[in-house]
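User: I would like to go through the helix packing and the aromatic residues of a model. Could you take me through them?

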Amino acid sequence: MKPWDWRFGPRKAAFRHNVKQCLIAIDQLGNAALGLFLGLLGLLYLLPRAAGYWWADETISAHCWRWEISGIRRWPRIVVDFLAACMGDINHCQESYISEREGRHLPPDIRAGPE
């Protein structure tokens, strides 16, 4: 068996990183699935208006912040931030939006740098 390469950090840190990435992926899947579901309801005229555009690489939290700054709706951000604050995460939606914009969830070698 090949020895562990310590240049990439301890195993516990790698495991924590991978768990966080998996949770982000599940969050993004939930956001995209909700967009698909609401799009279907809009297509069947079961919603008063179209569902709008939802993006596959966006978390629910970032989507809630985008809604707030766009003036679409505020209550989802309040609910998500309240739930996150109960776990000690303040300004969760805004931080998620900034993280998405900066590509912090991407591998370092493909993150967009200053251009």
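**Helix packing and aromatic pairs**

Analyst: Helix H2 (residues 60-70) packs with helix H4 (residues 92-102) at an angle of about 100°, their axes being 7 Å apart. Axes are lines fitted to C-alpha atoms over the stretch in contact, and angles run from 0 to 180 degrees between N-to-C directions. H2 is therefore roughly perpendicular to H4 (65 to 115 degrees). This is a predicted model, in which local features need pLDDT of at least 70 and side-chain atom pairs count only at pLDDT 80 or more, while totals for chains, interfaces and linings use all residues. Residues are numbered from 1 along each chain, and side-chain values use heavy atoms, without hydrogens and water.

User: Which residues of H2 and H4 make the contact?

Analyst: H2 contributes Ser61, Ala62, Cys64, Trp65, Arg66 and Ile69, and H4 contributes His92, Cys93, Gln94, Ser96, Tyr97 and Glu100; contact means heavy atoms within 4.5 Å.

User: Now the aromatics. How many pairs are there in the whole structure?

Analyst: The search finds two aromatic pairs (ring centres within 6.5 Å). Tyr53 and Trp55 are stacked, because their planes are at 20°, with centres 6.3 Å apart (stacked means under 30 degrees). Trp54 and Trp67 are edge-to-face, because their planes are at 90°, with centres 5.5 Å apart (over 60 degrees).

User: Is Trp67 buried or exposed?

Analyst: Trp67 counts as buried, at 13% relative accessibility (buried means under 20% relative accessible area, with a 1.4 Å probe and protein chains only).

Notes: Helices (H or I, at least four residues) and strands (E, at least two) are DSSP runs, numbered from the N terminus. Angles under 35 degrees count as roughly parallel, over 145 as roughly antiparallel, 65 to 115 as roughly perpendicular and the rest as oblique. Rings of Phe, Tyr and Trp (its six-membered ring) pair if their centres lie within 6.5 Å; planes under 30 degrees apart count as stacked, over 60 as edge-to-face and the rest as tilted. Buried means under 20% relative accessible area, exposed over 50%, partly exposed in between (1.4 Å probe, protein chains only).
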